[in-house]
Amino acid sequence: MSLKVAEGEQGRWAVLQVSGEMDLVTSPAVRQHVHDAVADGRRSLVLDLSEVRFCDSSGVGVLIAARRLMRSCQGRLRLILPAQGAVDGSHVNRVLAALGVRRLFEVYPDLHTAVDETAAPLSA
């Protein structure tokens, strides 16, 4: 399976909707989209990972690097990882939790909540 990244906007938030597999071969595309958004002056970014069916360590590395990049430019990064995403529960959510890095991210169940300035993230 391949990876697709669709770009969009929701208010002041840039939204990258990622679907497919995030692995050693495909993860650099996500990294490039994040860098492009920052280069375009975007400081509020949502990564919708609800349709990611597989994520290995290189995919996790891209997410951690995206967090670091957004923090370095005083930006904000939010992830969409719904409990029932990707068929039977978010694979990415399970991987992040298993690696002990889920708590590093602001996670929301859907786009509407992710772009709501008053919404609290899901607990880790």
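I began with helix H2 and listed its buried residues: Ser58, Gly59, Val60, Val62, Leu63, Ala65, Ala66, Leu69 and Met70. A reminder to myself before going on: this is a predicted model.

Next I asked what covers the buried residues of H2. The cover includes strand E2 (13-22), helix H1 (27-39), E3, E4 and H3. I kept a general point beside that list: an α-helix has 3.6 residues a turn, so residues three or four places apart point the same way.

Then I checked the length of H2. The helix takes in residues 57-72, 16 residues, and spans 22 Å from its first C-alpha to its last. That is close to the 22 Å expected at 1.5 Å a residue. After H2 I looked at Gln74, and found its phi positive, near 55°.

**The sheet**

In what order do the strands lie? I read E1-E2-E3-E4-E5, five strands in an open sheet with mixed pairing. At the edges I found strand E1 (3-10) and strand E5 (106-108), each pairing on one side only. From one strand to the next, the twist averages 25°.

I took a closer look at E3 and E4. Strand E3 (residues 44-55) runs parallel to strand E4 (residues 76-80), and five bridges join them. For one residue I noted the partner by name: Leu45 is bridged to Leu77 in E4. Helix H3 (residues 91-99) packs on the sheet here, touching E3 and E4. Its direction makes about 95° with that of E3.

**Cysteines**

How many disulfides does the structure hold? I counted zero. Cys55 counts as buried because its relative accessibility is 4%. Cys73 comes out at 18%, so this residue counts as buried too, the cut-off being under 20%.

**Asp110**

My last stop was Asp110, which I found in the loop between E5 and helix H4 (111-114). Buried, exposed or partly exposed? Asp110 counts as partly exposed, because its relative accessibility is 34%; that class lies between the buried limit of 20% and the exposed limit of 50%.

Which side chain does the side chain of Asp110 contact? I found a polar contact with the side chain of Thr113, at 2.7 Å. I also took a distance back to Leu96, 14 residues away along the chain: the two C-alpha atoms are separated by 18 Å.

Notes:
Residues are numbered from 1 along each chain as its sequence is written. This is a predicted model: local features need pLDDT of at least 70, side-chain atom pairs count only at pLDDT 80 or more; totals for chains, interfaces and linings use all residues. Side-chain values use heavy atoms; hydrogens and water are left out. Two strands pair if DSSP finds at least two bridges between them. Helices (H or I, at least four residues) and strands (E, at least two) are DSSP runs, numbered from the N terminus. Axes are lines fitted to C-alpha atoms, for helices over the stretch in contact, and angles run from 0 to 180 degrees between N-to-C directions. Contact means heavy atoms within 4.5 Å. Buried means under 20% relative accessible area, exposed over 50%, partly exposed in between (1.4 Å probe, protein chains only). A polar contact is a pair of N or O atoms within 3.5 Å; within protein, one must be able to donate a hydrogen and the other to accept it, and residues adjacent in sequence count only if both atoms are side-chain atoms. A disulfide is a pair of cysteine sulfur atoms within 2.5 Å. The expected span of a helix is 1.5 Å times one less than its number of residues.
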